[in-house]
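Subject: Structure handover

Hello,

Here is the structure I promised you. Please open it beside this email and follow along.

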Amino acid sequence: MIQVSELHYSTEDGLKVLEDVHLRVDHGELVYLVGPAASGKSLLLGLLGAQIPPQRGQILVYGRNIVRLSSEKTLELRRRIGYLPQGYVPLPRTVLENLVFKLRSLGDFREQAEEKAVIALEAVGLLREQSTEAADLCAIDRVRLGLAMVACDDPLLLLLDDVLDGLTPDEQEEICRVLERIHAGRMTILTAARGPLPRTADGRRVIALADGMVSDP
Amino acid sequence: MSTSVFLLRELLGAVRPRSALFLGLTLLSVFVLLASFASFFLLGTAVETADSGGLAPDEVVVRLSPRLSAAAIDGLYLRLQERPDVARIRFQFAQEIAPGETGGRFTIRTTSPEAASAVVEAVRVLSGVTSAERGSAPEPTGGILLSTTTRIALLCGLVASVALSLVAARKGFRHLLRGFAGEIRLLRLAGVSERVIQRPVIGLGLGIGCFACVLFVLGVYLLHLAAISRAGDAVGVTDAGRVLAVSVIGSVLGIVVGTLIGVYGASIVSSREFRPLA
C-alpha cells in the first residue's frame with residue numbers, strides 16, 4: 001500500500017529533515033506516526049500525500065511512485081488520498097456546506113454531495129451540528145469536521161497531521177474512537193501525533209520519527 | 001452544473017464591498033477604454049476635400065489653345081489680372097502640366113467662391129480659351145477630423161484606462177481571492193487542477209469585459225440616436241454603418257481586455273499565500 005525507501009529531504013539551506021527513511025504501511029492498517037515537534041512528521045505526510053514534491057528516494061502509494069508521477073497523475077492520486085493538514089481551519093460556512101463545497105468541487109451534484117456529506121458527518125458524530133457555522137464549533141468538533149472532510153469522498157488512504165494536538169485527554173480518546181470507526185478495517189489511516197497516545201490507540205502499530213529517522217518496532 | 005460554473009458562483013458569493021468597489025472600478029476603466037477607442041472613430045467633424053480636379057471653390061482653371069502666341073498669352077494674363085475679382089493668377093506651360101498636354105493654362109484664385117462663377121463666364125468667351133472651369137463645393141469624404149488636443153486627450157484616456165484597469169483589477173482580485181483563500185487551499189489539497197481553480201477567475205474577468213461591452217454598445221447606440229435627432233457635426237455618430245462597426249470592434253476589444261484582466265487575476269492564485277502547505 002505505502003512503501004517508502006531511501007527517502008531523503010533537506011531544506012533550501014541544507015538542513016536534513018528526513019534521512020534515509022524506510023517505511024511500509026499495509027492496506028487497511030491504522031498506524032500512528034509519533035514524534036516530537038519539528039521531527040519531520042508533517043513533511044513525511046505531505047510527501048506521502050503528494051502535496052510536497054519529493055527530492056530523493058522512492059515513495060510507492062498503491063503501486064505508484066510519487067517521485068516519477070506527472071503533474072496530472074499527481075492530482076489524480078491526491079483525489080484518492082484524504083489529507084488533513086495540521087491546524088485545519090474550516091471554511092466560513094455551515095458544517096454541511098463545508099463538505100458539500102468539497103464534494104461539488106470534485107464534480108458531485110448537489111443531492112449526491114449532500115447524501116455523502118450526511119454519511120460522513122454521521123460517521124464522525126457531527127450530524128446534529130450540520131447546520132452550525134463551522135467557526136462556532138469547539139476544538140474537538142473542528143477535528144471531527146476535518147475528519148469528515150477528508151473521509152467524505154471515500155478515499156483509499158487518510159493522512160492526518162497532528163489531529164490530537166490541542167485536545168484534552170478525553171477528547172483525544174474520543175477522536176481515536178472516531179478513527180477506529182472510520183477505519184473499520186477497510187481504510188488505511190496514517191495519523192501523525194506528538195504522543196503520548198491515548199489508551200484507545202493501544203494495540204495499534206506506532207512508528208516513531210525522531211531527527212529525521214524512522215524506527216518501526 | 002459544471003465544476004467551473006459552481007466555482008464561479010462560489011467566487012461571486014465571496015465578493016465583499018471592498019472587492020466589489022475595485023472590480024466595479026475595473027469595469028468602469030474598461031468602459032472608459034472602449035469609449036476612448038470609439039471616440040477616435042465617432043467624434044470630430046467631417047474632413048472636407050475639394051472636387052476631383054483638386055480645385056478649391058474660389059479657384060478657376062483656364063485652358064488655352066496651343067496656337068496662342070506668347071504675346072497673346074501675355075495679353076490675356078494682363079487682362080485677367082486687371083479684374084477686381086481676381087486675387088492671384090498663375091500661368092503654367094503645357095510641359096509643366098502633364099506629358100502630351102497641349103496649350104498652357106491659367107490657374108486663377110478669385111476673391112471669393114461667388115466671384116469664381118463670374119470669372120468663368122467672362123473668360124469662356126475670350127479668344128484663345130478652350131475651356132474654363134471652377135472648383136466645386138466641398139463634399140465630405142467620410143473621414144473625421146479630430147484636433148491634435150483631442151487626439152492627445154483620447155490617447156491619454158486610453159493609456160490611463162488601461163493602467164487603471166490593471167491596478168484596480170489587481171486590488172479587486174486580491175481582495176476577492178483573500179476572502180476565497182480557504183476554498184482555494186482546500187481545492188488544492190483535494191487534487192483539483194490549477195486550470196479548474198483559475199477558470200472561474202478568468203470567467204469573472206471575462207464577465208467584467210462583457211458587462212463593459214454591454215454598457216459601451218448601449219452608450220454608442222444612445223449617442224447615435226441623439227446625434228441623428230439633432231443633426232450635429234459629428235458625422236461618425238450619425239453614420240449607422242460606422243456605429244455598427246465600432247460597436248462590434250469595441251465589443252471584441254472589451255471581451256479580449258476582460259479575458260486578459262481575468263488571466264491577470266488568475267495569476268494571483270498561483271502565489272504562495274494560496275498554497276495549503278506554504
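A definition first: two strands pair if DSSP finds at least two bridges between them. Please also keep in mind that this is a predicted model.

**The sheet in chain B**

On that basis, chain B has an open sheet of four strands. Their order is β3-β4-β2-β5, and the pairing is antiparallel. Which strands stand at the edges? They are β3 (86–92) and β5 (129–134) of chain B. Each has a single partner strand, so one side of each is left without a neighbour in the sheet. From one strand to the next, the twist averages 15 degrees.

Look next at β2 (residues 59–64) and β4 (residues 105–110) of chain B. These two strands run antiparallel and are joined by five bridges.

Helix α3 (residues 70–82) of chain B lies across β2, β3 and β4 of chain B. It runs at about 165 degrees to β3(B). Helix α5 (residues 113–124) of chain B lies across β2, β3, β4 and β5 of chain B. Its angle to β5(B) is about 170 degrees.

**A helix pair in chain A**

In chain A, helix α3 (residues 95–105) packs with helix α4 (residues 110–124). The axes are 9 Å apart, at an angle of about 125 degrees. That angle makes α3(A) oblique to α4(A). The crossing of the two is right-handed.

Which residues make the contact?

- From α3(A): A:Val95, A:Leu96, A:Leu99, A:Val100, A:Leu103 and A:Arg104.
- From α4(A): A:Arg110, A:Ala113, A:Glu114, A:Lys116, A:Ala117, A:Ala120 and A:Leu121.

By class, this contact has nine nonpolar and four charged residues, and no polar ones.

**Where the chains meet**

The contact between the chains takes 15 residues from chain B and 17 residues from chain A. Which elements give two or more residues to the side of chain B that touches chain A? They are α1 (3–13) and α7 (181–189) of chain B. The most comes from α7(B), with five residues. By class, the residues on that side of chain B are nine nonpolar, four polar and two charged.

Best wishes

Terms used
Residues numbered from 1 in each chain as written. Chains lettered and ligands numbered in written order. Predicted model: local features only at pLDDT ≥ 70, side-chain atom pairs only at ≥ 80, totals over all residues. Axes fitted to C-alpha atoms, helices over the stretch in contact; angles between N-to-C directions. Parallel < 35°, antiparallel > 145°, perpendicular 65-115°, else oblique. Left-handed = near helix turned anticlockwise from the far one by under 90°. Contact = placed C-beta atoms within 7 Å. Nonpolar A, V, L, I, M, F, W, Y, C, P; charged D, E, K, R; others polar.
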